[in-house]
There are 2 protein chains.
Amino acid sequence: MATMREVAAAAGVSPKTVSRVLNDDPHVSPETRARVEGSMRELAYVPNAMATTFRSGRSPVIGVAVPDLVDPFFAAIVTAVEEEALANDLSTLVTSLGHGQDPSRERVALESVLRRQLSGLVVAPSTNDHAWLEPWAARIPIAFVDRAPGDLEADAFLQDDRGGARDATSHLIGHGHRRIGFLGDSLSAPTIAERLEGYREALAAAGIPFDDDLVALGAATRPGAADALARLREPNPGVTAVFSSDARCTMAAMPTVTAHPIALTAFGDFPLADSLTPAITVVAQDPATLGRLAAARLVERAAHPDRALPRRTVLPVTLIERTSCRV
Amino acid sequence: MATMREVAAAAGVSPKTVSRVLNDDPHVSPETRARVEGSMRELAYVPNAMATTFRSGRSPVIGVAVPDLVDPFFAAIVTAVEEEALANDLSTLVTSLGHGQDPSRERVALESVLRRQLSGLVVAPSTNDHAWLEPWAARIPIAFVDRAPGDLEADAFLQDDRGGARDATSHLIGHGHRRIGFLGDSLSAPTIAERLEGYREALAAAGIPFDDDLVALGAATRPGAADALARLREPNPGVTAVFSSDARCTMAAMPTVTAHPIALTAFGDFPLADSLTPAITVVAQDPATLGRLAAARLVERAAHPDRALPRRTVLPVTLIERTSCRV
DNA sequence: TTGTACGCGTTATCAA
DNA sequence: TTGATAACGCGTACAA
């Protein structure tokens with residue numbers, strides 16, 4: 001726990017000189033440098049990063065907030081941010097926001113992180129109200145991923161939710177299905193709402209009327225998904241195929257789908273999707289790129305505060321055909 | 001970006017009074033408090049957490065370092081640490097260490113985190129050499145999870161690797177198998193080495209001689225796992241069942257196992273293990289408890305630096321029988 | 001109840 | 001090339 005002062009005293013120089021040695025300032029004579037370095041070693045001196053941080057007024061840390069770290073999609077985003085951060089000598093402060101069951105949690109969590117004078121923040125939000133972020137956004141760069149901010153101008157890195165959903169639904173239509181269910185958690189998430197739009201567009205393009213009864217929500221848990229699928233299969237709806245709008249729902253639906261096969265395409269790839277029986281046909285997102293671009297943008301904004309940059313970047317998605325679409 | 005000073009000036013009081021208001025010090029007259037709070041609102045004052053942190057000498061942050069965030073096992077550990085941290089008003093600084101391909105990375109990553117005067121550190125290490133942590137451990141509480149530290153006295157929260165491997169192997173023996181392969185990544189990981197021991201013990205208990213040729217390593221990737229399984233299946237080894245020592249290997253082996261079924265038990269549960277065909281019989285660990293206990297221990301050590309506490313906590317594991325063991 | 005003085009560890013400024 | 005001084009924003013100790 002030696003401080004710079006102590007090293008300075010031991011080496012018979014001023015603290016500033018020690019600082020210079022530490023920061024590779026060329027204006028230090030080789031002898032002085034050697035003496036200081038000797039004292040540093042002797043005292044096992046380690047710079048106090050907090051003090052530097054405090055002095056500089058900006059913490060070399062990027063905050064990352066996601067709904068759920070255990071979801072591989074968000075874990076991949078966090079990992080990508082971390083890598084990009086590392087490449088810029090930044091650390092990563094991670095916060096989970098939950099899936100929006102408690103909407104106030106997001107704000108509380110983000111504010112506590114923002115107080116820390118971060119160099120930037122990447123958020124995959126679980127709510128839609130971000131007007132309160134306005135004053136923060138004026139001071140530190142904030143980038144949204146996966147979902148756009150509500151009521152706030154900020155960088156956003158998204159994927160083509162609507163187009164992907166359209167592709168996945170059309171694919172089922174191409175296999176001859178006309179009664180196609182929509183499986184999802186909640187439409188309050190803008191991504192899911194967009195995917196529902198894509199689903200409707202695909203139906204419309206094929207001249208299939210949209211039927212509200214085929215939209216089954218609350219499917220993010222296993223019982224929820226089982227219920228939803230059971231409702232869709234009843235004679236009345238008479239669904240023969242399902243588009244799952246989100247990987248959590250798809251995974252939650254797997255036991256049911258395995259037990260009672262039904263044609264299925266899904267938004268969002270996930271580990272082992274290709275090893276299941278049937279292997280799931282998915283629209284794959286690219287969480288790593290999302291995270292990397294967002295982190296890179298933060299760094300860029302910090303370096304060039306008034307450079308004009310596009311606010312919204314939409315990544316394409318890719319249909320990966322496996323077997324679940326032709327069950 | 002108003003500071004306490006500015007708020008004080010605006011309210012016509014000293015900075016200290018503002019500080020008191022902020023910290024709910026009872027020794028402030030209601031009128032003064034009201035005036036100060038008014039100024040705080042006007043100036044949109046937000047306390048600078050960095051300054052507080054610096055002043056106190058200890059950052060209210062728990063570091064968490066794991067090999068790989070995308071692995072659900074480690075993601076669950078991180079999530080649990082985060083929850084426990086939240087309950088104690090601490091934030092979570094996350095670092096990935098990699099799977100030990102580059103052994104120096106672990107030290108570099110940990111040292112950069114440790115410099116930040118953390119309140120504590122949870123590590124799931126990817127290397128075996130931790131003697132260098134000694135001086136750090138003297139100053140801040142460090143808890144290991146999943147794997148014990150090498151050459152260092154520190155709290156460790158582990159699971160019964162050997163017993164679990166023994167159970168999983170015995171289970172295959174109970175199904176009549178005598179030529180049982182061991183699938184793994186690398187024996188340099190102490191957990192995997194322990195699981196190999198458990199495997200050997202199970203064989204020994206059944207009077208089956210151990211055969212080095214049945215230990216197939218390098219199976220953490222899909223091609224690696226495919227190779228390993230192919231080697232085991234050759235007429236000479238003539239293996240009829242496999243114990244996979246680690247969830248990464250199990251997941252990597254899935255395509256091969258699905259294509260060419262073989263009796264299988266595995267160490268480590270993972271998402272959808274029960275929805276695969278066959279559903280994988282596993283020995284389940286408890287990452288959430290591991291993370292929670294470790295974080296709680298850090299808090300406890302910080303509060304009571306010299307309370308005597310057990311250094312090593314070993315959690316039991318649970319065999320979950322599904323169908324892969326009777327393929 | 002309120003205020004003054006000082007220090008946390010580091011670095012920028014300016015002078016020597 | 002080196003050093004003295006001040007400052008970052010807040011909280012502690014002590015005084016009034």
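Predicted model: local features only at pLDDT ≥ 70, side-chain atom pairs only at ≥ 80, totals over all residues.
**Ground rules.** I noted that local features need pLDDT of at least 70 and side-chain atom pairs pLDDT 80 or more, while totals for chains, interfaces and linings use all residues. Residues are numbered from 1 along each chain as its sequence is written, chains are lettered from A in the order in which they are written, and side-chain values use heavy atoms, without hydrogens and water.

**Symmetry.** I looked up how the copies are related, and found that a rotation of 180° with 0.0 Å of shift along its axis superposes chain A on chain B with an RMSD of 0.2 Å (by least squares on the C-alpha atoms of residues with pLDDT of at least 70 in both). The two copies are thus related as by a two-fold rotation axis. In chain A, the residue that comes closest to this axis is Leu93(A), with its C-alpha at 2.2 Å.

**Contact.** I then looked up the interface, where 44 residues of chain A contact 44 residues of chain B, contact meaning heavy atoms within 4.5 Å. Because 100% of the interface residues of chain A are also interface residues in chain B, the copies meet through the same surface.

**Buried area.** About 3900 Å² is buried between the chains, 63% of it from carbon and sulfur atoms; this is the accessible area (1.4 Å probe) that two parts lose on being put together, summed over both. In chain A, Met50(A), Arg116(A) and Leu272(A) lose the most area to chain B, together 17% of what that side buries.
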